[in-house]
Amino acid sequence: MLAEKLLFRRCLVPTYVPKMASAALKVAVAGLSRCSRLSLLRTHSTTANLGQGVPGSLWKLGRLNHIAIAVPDMEKATALYRDVLGATVSDMVPLPEHGVYTVFVELGNTKLELLHPLGEKSPIAGFLQKNKSGGMHHICIEVDNINAAIADLKAKSIRTLSAEPRIGAHGKPVMFLHPKDCDGVLVELEEA
């Protein structure tokens with residue numbers, strides 16, 4: 001009877017399944033970028049609350065501010081969100097220091113930022129050359145102290161795309177983190 005149970009069990013759950021699951025878990029953890037590992041450590045830390053001024057934790061990650069989408073045709077994209085989907089959209093605003101035109105789409109819990117090239121040296125023009133139909137460009141997450149966040153992340157070998165924060169579309173300091181350090185995602189930090 002015991003032999004039949006073991007045989008039955010082996011037929012239903014081969015011994016390689018747990019080994020495969022273990023290997024997949026190891027690959028998933030090893031594949032996390034430094035940015036993801038820092039996020040996991042911050043989320044699952046057993047130390048004091050980050051907002052309590054613990055030395056070395058002088059900043060705190062906040063809410064998702066927006067998701068930016070590069071668009072080849074700003075009028076068409078704006079019409080999609082405003083006229084077809086019924087969203088509230090802002091006026092188009094030029095940001096020459098960033099080389100973009102922006103339109104914000106209000107979603108209630110966050111925003112979409114539509115980006116279109118402004119000028120020949122626009123980073124969005126290069127993105128659209130590689131992605132003719134447009135697509136997701138970056139995510140923006142709020143921080144309570146951008147200078148402390150930048151110093152801390154640089155100390156942890158997370159690269160930034162500029163030496164100093166610049167003023168972003170909301171009139172607040174922003175900094176972009178290198179996508180190779182953040183799972184292939186361009187991350188913008190914005191001071192809340």
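Visitor: Which residues lie nearest the centre of the largest pocket?

Guide: His98, Pro123, His137, Arg166 and Phe176, out of 29 lining residues. A pocket here is an open set of points on a 1 Å grid where a 1.4 Å probe fits, with protein on both sides within 12 Å along at least five of seven lines, and lining residues have an atom within 4 Å of a point. Keep in mind this is a predicted model, where local features need pLDDT of at least 70, side-chain atom pairs need 80 or more, and lining totals use all residues. Numbering runs from 1 along each chain, and side-chain values use heavy atoms, without hydrogens or water.

Visitor: What's the volume of that largest pocket?

Guide: About 470 Å³, counted as the space filled by probe spheres set on the points.

Visitor: And how does the lining divide up?

Guide: Into 14 nonpolar, nine polar and six charged residues.

Visitor: New topic: is alanine 77 buried or exposed?

Guide: Alanine 77 has 11% relative accessibility, so it counts as buried; the cut-off is under 20% with a 1.4 Å probe, protein chains only. Alanine 77 sits in helix α4, residues 74-84 (helices are DSSP runs of H or I, at least four residues).

Visitor: What does alanine 77 touch?

Guide: Val71 and Leu114, leaving out residues up to four places away in sequence; contact means heavy atoms within 4.5 Å.

Visitor: How far apart are alanine 77 and leucine 114?

Guide: They're 37 residues apart in sequence, and 7.7 Å apart in space, C-alpha to C-alpha.

Terms used: Ala, Val, Leu, Ile, Met, Phe, Trp, Tyr, Cys and Pro count as nonpolar, Asp, Glu, Lys and Arg as charged, and the others, Gly among them, as polar. Helices (H or I, at least four residues) and strands (E, at least two) are DSSP runs, numbered from the N terminus. Buried means under 20% relative accessible area, exposed over 50%, partly exposed in between (1.4 Å probe, protein chains only).
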